[in-house]
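Please read them with the structure open beside you.

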Amino acid sequence: MIIQRVVLNSRPGKNGTPAAENFRVEEATLPDQISEGQVRVRTLYLSVDPYMRCRLNEETGVDYLKPWQLSQVTDGGGVGIVEESKYAHLSEGDFVTSFSWPWQTRAILDGEILEKVTPQLVDGHLSYFLGAIGMPGLTSLLGIKEKGHVTAGSNQTMVVSGAAGCCGSLAGQIARLEGCSRVVGICGTDEKRSVLVSELGFDAAVNYRTEDVEGQLRDLCPAGVDVYFDNVGGSVSDAVIRQMNENGHVVLCGQISQYNRDVPYPPQLPPAVEAILKERNITRERFTVLNYRDKFDSGILQLSRWFREGKLKVGLRREADLPRSSRLLPGLLPVALGADTGVRSPRPLTRNPACTETRRRHRNLLRNRFGPTLSNGSCRLRRVFLLFVVSVKRSLGARHCSKPWASPHPERPPPSHELLPFVPFRSVAKKNVASHSFF
Ligand SMILES: NC(=O)c1ccc[n+]([C@@H]2O[C@H](COP(=O)([O-])OP(=O)(O)OC[C@H]3O[C@@H](n4cnc5c(N)ncnc54)[C@H](OP(=O)(O)O)[C@@H]3O)[C@@H](O)[C@H]2O)c1
């Protein structure tokens, strides 16, 4: 079987900006037969995450995250559907995810590294297992809970940078749900600013590209800033910290503005800003979501509940918008956007009658489960290899179907009280892929 895949073509260099030519799309042959313990999957979604920037370097800077190798297939979080299985715990038609999903249209993978996901948790939006109801969602939730010191009723103001990104947009909403009285976002365009306020419930937002962040925050946070959810670092963060109150807390989630620079993580703050932290007794502890695996089960269920209750809004973006980390991995855009870009998109074969038949069955399956809307979306996504998020990271230790929420009869969604914990990162632990320098 001929498949299309993305391989690393060249490295941008530690101080370089990744470009499309760092990746190339090529064809390869997938064996027709799978072995015992293996499954053949068709890729539905891949997540492009900021941490991948360090995998573009010859050394990632950490033991537990391997660099991508030249001319080898790149990988990351992915979601797909099982087309054939010789692994006892997975069957054809199951939706699965992995943190080490190869960027190719189809793949033969060890069943061991796959986790079965339950579409009901995300109302059928499978990409959410890579985003709001996955690793980024957990990052926002656990970051706030573990490092934010948010207390309902204490009138706290939270500022979120990278607020229109996956973690940021969720962090702002979660801050409100957890009890912050005022939430202000920082983002890079006026359109994002307006979405944050009108759709995601932020009280206000600042465009860091066109506005004076510090001056705006002075006006927008009259009582000062108590909690800062920091996704970006650099001058934006310096400006926020200068507006922080005594005994405040910085959730050091990420420093995306620094990832194209060869500096240690986290990058040092300017001495004057460091002095503010000390003088005002502001905590700024590094947060790594993968250090909180024991809280993933309850976290995912919490995120899923909020989402299904309409309390957590998830950005529904068109492929053409694909904002996620596009600056870090622009090479993915052509892949994600398909033939319009002039780069051949790794689409699943459409002319092979056997494939067409399999897809028809899967389409009917989805239509029966979720109705025509998802089914139509799924058809479209079949043509689009990559999607945004987005991110996280993922799903559910339902591999063995031993848990009620991992219903083997997905047409009957389990009632929410039946939802039991699961271990989203089980496969990650098995593969010894842990946190990385950009987490
Ligand atoms: N600690 C952890 O365990 C953990 C886990 C996951 C992610 N993270 C970190 O969380 C952060 C956000 O990740 P994500 O998954 O939400 O990524 P994302 O969806 O790609 O969003 C990133 C956002 O960063 C903003 N941005 C990019 N470059 C910037 C710059 N130079 N200055 C200011 N803003 C910039 C972009 O917004 P604009 O277009 O508006 O600039 C974009 O919306 C990253 O730093 C990532 O490394 C940490």
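1. Thr 105 sits in the loop between β5 and β6, where helices (H or I, at least four residues) and strands (E, at least two) are DSSP runs numbered from the N terminus. Thr 105 counts as buried because its relative accessibility is 2%; buried means under 20% relative accessible area, exposed over 50% and partly exposed in between, with a 1.4 Å probe and protein chains only. Thr 43 is 62 residues away from Thr 105 along the chain, yet their C-alpha atoms are separated by 5.3 Å.

2. Before going further, please keep in mind that this is a predicted model, in which local features need pLDDT of at least 70, side-chain atom pairs count only at pLDDT 80 or more, and totals for chains, interfaces and linings use all residues. Residues are numbered from 1 along each chain as its sequence is written, and side-chain values use heavy atoms, with hydrogens and water left out.

3. The loop's two flanking strands, β5 and β6, belong to an open sheet of 5 strands with antiparallel pairing, arranged in the order β6-β3-β4-β5-β7; two strands pair if DSSP finds at least two bridges between them. Since β6 (106-110) and β7 (115-116) stand at the edges with a single partner strand each, one side of each is left without a neighbour in the sheet. Within this sheet, β4 (residues 75-85) and β5 (residues 95-102) pair in the antiparallel sense over 6 bridges, and Ile 81 stands opposite Phe 95 in β5.

4. A second open sheet has 6 strands in the order β10-β9-β8-β11-β12-β13, and here the pairing is parallel. Its edges are held by β10 (204-207) and β13 (283-286), each with a single partner strand, so one side of each is left without a neighbour in the sheet. Neighbouring strands of this sheet are turned by 15 degrees against each other on average, direction ignored, where axes are lines fitted to C-alpha atoms, for helices over the stretch in contact, and angles run from 0 to 180 degrees between N-to-C directions. At one end, β9 (residues 182-187) pairs with β10 over 4 bridges in the parallel sense, with Val 184 opposite Ala 204 in β10.

5. Met 158 has Val 227 in β11 as its bridge partner, while Asp 230 has Leu 252 in β12.

6. Together with helix α6 (residues 234-242), β11 and β12 make a right-handed β-α-β unit, meaning that, with the strands pointing away from the viewer, the path from the first strand over the helix to the second runs clockwise. Helix α6 lies across β8, β9, β11 and β12, running at about 165 degrees to β11. The buried residues of helix α5 (residues 213-220), among them Leu 217 and Leu 220, pack against β8, β9, β10 and α6, contact being heavy atoms within 4.5 Å.

7. Finally, helices α2 (residues 135-148) and α3 (residues 166-178) pack at an angle of about 45 degrees, with their axes 8 Å apart. The two helices α2 and α3 are therefore oblique to each other, given that angles under 35 degrees count as roughly parallel, over 145 as roughly antiparallel, 65 to 115 as roughly perpendicular and the rest as oblique. Residues making this contact include Leu 141 and Ile 144 of α2 and Leu 170 and Ile 174 of α3.
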